[in-house]
Amino acid sequence: MTRMSGAATAAATVLAAVVLLFALGTANPVPRPGVNTDTLGPDTGEAVSEYLARAEETLAEDSADQDSAGSNSEMQWALVSFDAEVAPARAYDAVQDVRIAQVLLRVPLERVQTQVISVGVPGTEASVLGSAAVAGSRLHGSTGQWDRQSQIDAVSSARLLEGCECVVGLIVRGSSEQLGTVDAGDGVRAVEALPADAIAGRFAVRALLPDYADVVGPLPDDGPVPTP
């Protein structure tokens, strides 16, 4: 009987472990994360004027594509941005019969950075009108009441629960014709549409804040935080 040396035994053990791990990995592959290539909203550092022009082009391109196909009813995801923060009721009226999927809210505080909160809604009027309360409740449980961010969250929560004019944008789904009508509405700053094959939940969103005047970037955060 031939005996293996200690080194050979160790090598065989390692080889067996590698083979076992390979087999387990083959049987139970690690899922690869999805690739999100679509984005709605401006890029950091982008000039606001360039984004507005880019958003307008998406409506023109989609309208031309659908007209050439002999159809103008294909549905698309789009970001609707407002000139100024508006109340949920005003946001709902601004898009008329276009389905609303998300409400983007942010409490405006002078020289204080506040969070943009996205609230998913089923598109009913009641769900859109209640989006501010939902956003406020999310911030209500902020801990560490003496640090600046918690103070900002506290005043933001209070104002959202009061029903402030805090809607900065909407994610909607409509036809090219519907989106064009929304874009021409009073108080609407921009409507940017994705191609019709974009998938819900597979695109990123960056809000176009009313405070962005020239270039998209960090806003001042050196002002005092008001009391709730």
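## Basis of the model

The model is predicted, and local features need pLDDT of at least 70, side-chain atom pairs count only at pLDDT 80 or more, and totals for chains, interfaces and linings use all residues. Residues are numbered from 1 along each chain as its sequence is written, and side-chain values use heavy atoms, with hydrogens and water left out.

Helices (H or I, at least four residues) and strands (E, at least two) are DSSP runs, numbered from the N terminus.

## Helices α5 and α6

Helix α5 covers residues 131–140 and helix α6 covers residues 148–161. Their axes come within 8 Å and cross at roughly 155 degrees. Axes here are lines fitted to C-alpha atoms, for helices over the stretch in contact, and angles run from 0 to 180 degrees between N-to-C directions. The crossing angle therefore makes α5 roughly antiparallel to α6 (under 35 degrees is roughly parallel, over 145 roughly antiparallel, 65 to 115 roughly perpendicular, and the rest oblique).

From α5, the contact (heavy atoms within 4.5 Å) is made by Ala132, Ala133, Ala135, Gly136, Ser137, Leu139 and His140. From α6, Asp153, Ser156, Ser157, Leu160 and Leu161 take part. By class, these are six nonpolar, five polar and one charged residues. Ala, Val, Leu, Ile, Met, Phe, Trp, Tyr, Cys and Pro count as nonpolar, Asp, Glu, Lys and Arg as charged, and the others, Gly among them, as polar.

## Two loop residues with positive phi

Gln96 is found in the loop between α3 (88–94) and β3 (99–105). Gln96 is not a glycine, yet has a positive phi of about 55 degrees. Its relative accessible area is 49%, so Gln96 is partly exposed (buried means under 20%, exposed over 50%, partly exposed in between, with a 1.4 Å probe and protein chains only).

Arg111 is found in the loop between β3 and β4 (117–120). Arg111 also has a positive phi of about 55 degrees although it is not a glycine. With a relative accessible area of 43%, Arg111 is partly exposed.

Tyr92 is found in helix α3 and counts as partly exposed at 21% relative accessibility. Leaving out residues up to four places away in sequence, Tyr92 touches Ile100, Gly123, Thr124, Glu125 and Val128. The C-alpha atoms of Tyr92 and Val103 are separated by 9.6 Å, and the two residues are 11 residues apart along the chain.

Ser127 lies in helix α4 (residues 125–129). Ser127 has a relative accessible area of 17%, so it is buried. Not counting residues up to four places away in sequence, Ser127 touches Val121 and Pro122.
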